[in-house]
Amino acid sequence: METTKGPKIPLPKAYPPFYKGYIDLVAEKDLKTLSLEQEQFVKNLFGNLTTEKALLSYKTNKWSFNELLGHIIDTEKIMHFRALSISRGEKSDFPGFDQDNYVKTAAFNSQSINELLDTFLLHRQLLWNFIEAIPEDQIHNIGSVDAKPMSLSALLYIIFGHMEHHISIIKKYYLSL
């Protein structure tokens, strides 16, 4: 079920095939309701981690809890910026980003889990302020990301689908730590 105000399911060919999995995870869901559920999941999990546990990863060379949440924050900020720019008619191509390099250079493990959690929740509030203000005639605006067409709508669905992807990884690998 789609939201009545805000993002609409992306049109076919409005995003690169790489993102189809993320979009499919949330295509039939009300994004506002899903967002609230995701935020509650993040608060329940990350809000109860000790400083020591937040630095754990489930396997060598895998991200710690801090790094995982930092990666989610970075991705949401990048997709939000792209969406904002495309909504305003930006025609310049946005570069891709190397998630592993972003995590490596961000030093998320030197931040407290509470700081990261606050940042995530604040960003979600700002994201929804933006989403709810998008004029309906702009929701299918198309821009360019990594030299491929990308719609504003697709970027918004990617944000929530990306989070769903990581929630499944958290449940599979991190909860046992």
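A14 is buried, with a relative accessibility of 3%, in this predicted model. A14 sits in the segment that precedes α1. Beyond residues up to four places away in sequence, A14 touches I142, P149, M150, S151 and A154. M150 is also among the residues with the most contacts inside the largest nonpolar core. The chain as a whole has 7 helices and 3 strands, and 47% of its 177 residues count as buried.

**Overall architecture**

- From the N terminus on, the order of elements is α-α-α-α-β-α-α-β-β-α.
- The radius of gyration is 16 Å, close to the 16 Å that the globule rule gives for 177 residues, so the chain is as compact as a globular protein of that length.
- Along the principal axes, the C-alpha atoms fill a box of roughly 50 × 30 × 25 Å.
- Of the contacts between residues at least 6 apart in sequence, 80% join residues at least 24 apart.

**Segment before α1**

- The accessibility of A14 is 3%, and the residue counts as buried because this value is under the 20% cut-off.
- The contacts of A14 outside its sequence neighbourhood include I142, a residue of β2, which spans 142-145.
- A14 and A133 are 119 residues apart along the chain, and their C-alpha atoms are separated by 21 Å.

**Nonpolar cores**

- The largest nonpolar core has 28 residues, and those with the most contacts inside it are M150, L152, L156 and F160.
- L156, leaving aside neighbours within four places in sequence, is in contact with P7, A83, L127, F130, I131, I134 and I139.
- Another core lies apart from the largest one and has 22 residues, among them W63, F65, M163 and I170.

**Packing of α2 against α7**

- Two packed helices are described by the angle between their axes and the distance between the axes.
- For α2 and α7, the axes come within 11 Å and cross at roughly 35 degrees.
- This crossing of α2 and α7 is left-handed.
- On the α2 side, the contact is made by L31, L34, S35, Q38, F41, V42, L45 and F46.
- On the α7 side, the contact is made by Y157, F160, M163, E164, I167, I170 and K171.
- The residues of the α2 and α7 contact divide into 11 nonpolar, 2 polar and 2 charged.
- F160 of α7 takes part in this contact and is one of the residues with the most contacts inside the largest core.
- M163 and I170 of α7 also take part in the contact with α2, and both belong to the core of 22 residues.

**Packing of α4 against α5**

- The axes of α4 (residues 65-87) and α5 (residues 99-106) come within 10 Å and cross at roughly 120 degrees.
- The crossing of α4 and α5 is right-handed.
- E67, H71, D74 and I78 of α4 make the contact with Q99, Y102 and V103 of α5.
- By type, the residues of the α4 and α5 contact divide into 3 nonpolar, 2 polar and 2 charged.

- Most residues other than glycine have a negative phi.
- D146 is not a glycine, yet it has a positive phi of about 55 degrees.
- At 43% relative accessibility, D146 counts as partly exposed.
- A147, found in the loop between β2 and β3, also has a positive phi, near 65 degrees.
- A147 has a relative accessible area of 64% and is therefore exposed, the cut-off being over 50%.
- D137 lies in the loop between α6 and β2.
- The relative accessible area of D137 is 68%, and the residue is exposed.
- D137 and S87 are 50 residues apart in sequence, while their C-alpha atoms are 9.6 Å apart in space.

Key
Residues numbered from 1 in each chain as written. Predicted model: local features only at pLDDT ≥ 70, side-chain atom pairs only at ≥ 80, totals over all residues. Heavy atoms only, no water. Helix = DSSP H or I, 4+ residues; strand = E, 2+ residues; numbered from the N terminus. Buried < 20%, exposed > 50% of the residue type's maximum accessible area, 1.4 Å probe, protein only. Axes fitted to C-alpha atoms, helices over the stretch in contact; angles between N-to-C directions. Left-handed = near helix turned anticlockwise from the far one by under 90°. Contact = heavy atoms within 4.5 Å. Nonpolar A, V, L, I, M, F, W, Y, C, P; charged D, E, K, R; others polar. Core = buried A, V, L, I, M, F, W, Y, C linked by side-chain atoms within 4.5 Å. Rg over C-alpha atoms; globule rule 2.2 N^0.38 Å.
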